[in-house]
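Visitor: I'm new to this one. Could you walk me through how to read it?
Guide: Happy to; let's have a look together.

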Amino acid sequence: MAGTHGCRLDRVLIVGGGVAGTSMAILLRQRGVPVDLVEIDPGWSGQGAGITITGPTLRAFRRVGILDDFFKF
C-alpha cells in the first residue's frame, strides 16, 4: 500500500483493540496490508470505554462494512 508520501507498508502493528484500533485493522486488511492487532485486556471486554456516535463515526462504520451489524445491538 502506498501512502501519501510514497512509502510502502509491509506490515502494521496496532496497539489497542478498541473501536479505533479494530476499525483501522479492518481497513488496512481490506487494502491488503498485513496487520498485527494487540490488546492488553484478554477478554476485550470494553469495560470503561465509551463511544460517541456522530456522523463521521457512522460513515466510518459504513466504510468498514460494520454499520448494519452495529445497529443490531
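Guide: Here is a short tour, one feature at a time. This is a predicted model, where local features need pLDDT of at least 70 and side-chain atom pairs count only at pLDDT 80 or more, while totals for chains, interfaces and linings use all residues. Residues are numbered from 1 along each chain as its sequence is written, and side-chain values use heavy atoms, leaving out hydrogens and water.

Visitor: In what order do the elements of the chain run from the N terminus on?
Guide: Helices (H or I, at least four residues) and strands (E, at least two) are DSSP runs, numbered from the N terminus. Here the order is β-α-β-α-α, giving three helices and two strands.

Visitor: Which residues make up the largest nonpolar core?
Guide: First, the terms: buried means under 20% relative accessible area, exposed over 50%, and partly exposed in between (1.4 Å probe, protein chains only). A nonpolar core is a set of buried Ala, Val, Leu, Ile, Met, Phe, Trp, Tyr and Cys residues joined through side-chain atoms within 4.5 Å. In this chain the largest one has six residues: Val12, Ile14, Ala25, Leu28, Val33 and Val35. Strand β1 (12-15) and helix α1 (19-30) are the elements that give two or more residues to this core. Of the chain's 73 residues, 18% count as buried.

Visitor: Leu13 lies in strand β1 too. Is Leu13 buried or exposed?
Guide: Leu13 is exposed, at a relative accessible area of 57%.

Visitor: How many salt bridges does a search of the whole structure find?
Guide: Side chains of opposite charge can pair when their charged atoms come close. The cut-off is a side-chain nitrogen of Lys or Arg within 4 Å of a carboxyl oxygen of Asp or Glu. The search finds one: Arg11 with Asp36, their closest N and O atoms 2.7 Å apart. That pair links distant parts of the chain, with Arg11 in the segment before β1 and Asp36 in strand β2 (residues 35-38), 25 residues apart. Asp36 is partly exposed, at 33% relative accessible area.

Visitor: And how many aromatic pairs are there?
Guide: Rings of Phe, Tyr and Trp (its six-membered ring) pair if their centres lie within 6.5 Å; planes under 30 degrees apart count as stacked, over 60 as edge-to-face and the rest as tilted. The count is two. Phe61 and Phe70 have ring centres 4.9 Å apart and planes at 55 degrees, so they are tilted. Phe70 and Phe71 are edge-to-face because their planes sit at 75 degrees, with centres 5.6 Å apart. Phe61 is buried at 4% relative accessible area, Phe70 is partly exposed at 27%, and Phe71 is exposed at 56%.
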